[in-house]
Amino acid sequence: MTIMPCNEMDIGRMGGRIAVHGSGIADTADHEGKETDWEQRVEAYECFVPNELAFVAVLVELPSDGCMACWIREVRRVLRSEQECEPGMLVCTVGKDLAFILPVAQGQPTEAERESALLSELYRLQEKLKDRLDTFGLRLYAGKAVSRPESLQGSWAQAKHARQVAKVCGLTAEVVAYDKLGVYSLLYLIPSGEEREQFIRRYWMPLQLADRKGSGRLAETLEMFFRCNGNVKLTSERLLAHYNTIVYRLERVQAILGVSLDDPEDRLQLQLALKLGRIAPASASM
């Protein structure tokens with residue numbers, strides 16, 4: 001997916017004092033506090049956008065150390081100084097957050113291909129910014145692509161939701177797209193209660209207790225085993241451990257929990273437990 005250059009008359013007016021790259025990037029101080037009022041911005045600035053473009057709202061999480069305003073100025077400086085950097089991308093402040101608005105072409109035939117292409121583009125942008133700023137901790141949270149700029153309110157709300165789910169669920173990816181939250185969107189909605197606590201105590205806590213007693217990274221091994229689609233050899237390579245060591249750890253998991261890794265239902269229970277244990281660390285550490 002290629003980020004398309006857009007005419008300033010078409011898109012630049014959406015953000016008040018936002019200017020398209022090449023004319024200078026400015027924030028939307030005139031609109032601070034109206035963090036979801038995208039449609040009014042479009043109408044107020046008489047924005048007319050070509051139908052072949054879609055738009056993605058991206059929330060930029062900057063490093064927590066230092067002055068936030070300084071980081072925002074630095075991002076703007078970098079984007080201005082890089083002549084090849086993301087033509088057509090808009091940058092604005094929304095309340096205390098920094099937002100990118102990406103106009104994107106919709107050349108892929110299927111939704112899955114468009115989502116994959118957008119995710120690749122976001123990772124490329126994140127890497128470029130991280131390299132230019134020489135910093136770690138910069139993350140991007142993206143909503144879904146929308147076909148009209150007045151729908152950016154929904155895309156922005158999704159970007160914020162992606163950040164919230166990532167924080168609660170302990171997701172460590174540097175780019176989190178709303179479309180890729182998967183099962184975490186559902187687990188995030190599960191309220192604290194006795195049923196959840198019982199599930200965690202049944203499938204998660206025994207592994208934590210065994211690891212504390214020195215049984216050998218059982219929870220980590222099980223999680224990597226699932227990430228490797230049940231491939232023991234690949235699991236051993238990823239964990240830099242001997243094949244027989246991984247086999248022994250998985251046998252210990254089955255013995256401690258009374259489950260079989262050959263049983264699809266047991267595997268599902270364990271995968272959910274690993275994710276719930278990450279979401280509720282306080283409960284899981286009791």
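Modeller: Asn229 counts as exposed because its relative accessibility is 67%. The terms work like this: buried means under 20% relative accessible area, exposed means over 50%, and partly exposed lies in between, with a 1.4 Å probe and protein chains only. Asn229 sits in the loop between α9 (218-227) and α10 (232-238). Helices here are DSSP runs of H or I with at least four residues, strands are runs of E with at least two, and both are numbered from the N terminus. The backbone of Asn229 deserves a look too. Its phi is positive, about 55 degrees, although Asn229 is not a glycine.

Some ground rules. This is a predicted model, where local features need pLDDT of at least 70 and side-chain atom pairs count only at pLDDT 80 or more, while totals for chains, interfaces and linings use all residues. Residues are numbered from 1 along each chain as its sequence is written, and side-chain values use heavy atoms, with hydrogens and water left out.

Move along to Leu240. Leu240 is not a glycine, yet it has a positive phi of about 55 degrees. It lies in the loop between α10 and α11 (243-257). Leu240 is exposed, because its relative accessible area is 79%.

Now go inside. Gln126 belongs to helix α4. Its relative accessible area is 0%, so Gln126 is buried. Val60 is 66 residues away from Gln126 in sequence, but the two C-alpha atoms are 9.3 Å apart in space. Thr93 is in strand β2 (residues 90-94). Thr93 counts as buried because its relative accessibility is 5%. Between Thr93 and Ile72 there are 21 residues of sequence separation and 8.4 Å from C-alpha to C-alpha.

Next, empty space. Rolling a probe the size of a water molecule over the atoms shows where such space is left. On a 1 Å grid over the protein atoms alone, a cavity is a set of points where a 1.4 Å probe fits but cannot get out; a pocket is an open set with protein on both sides within 12 Å along at least five of seven lines; lining residues have an atom within 4 Å of a point. Grid points are joined across faces, edges and corners, and a volume is the space filled by probe spheres set on the points.

The whole structure holds one cavity of 30 Å³ or more. The largest cavity has about 50 Å³ of space. Helix α4 (residues 111-133) gives the most to its lining, with four residues. The lining includes Glu115, Gly143 and Asp179.

The largest pocket has a volume of about 190 Å³. Strand β5 (175-177) gives the most to its lining, with three residues. Among the lining residues are Tyr123, Leu171, Thr172 and Tyr184. By class, the pocket lining has nine nonpolar, one polar and one charged residues. Here Ala, Val, Leu, Ile, Met, Phe, Trp, Tyr, Cys and Pro count as nonpolar, Asp, Glu, Lys and Arg as charged, and the others, Gly among them, as polar.

Last, a helix pair. Helix α7 (residues 194-203) packs with helix α12 (residues 264-279) at an angle of about 115 degrees, their axes 9 Å apart. That makes α7 roughly perpendicular to α12.

Technical notes. Axes fitted to C-alpha atoms, helices over the stretch in contact; angles between N-to-C directions. Parallel < 35°, antiparallel > 145°, perpendicular 65-115°, else oblique.
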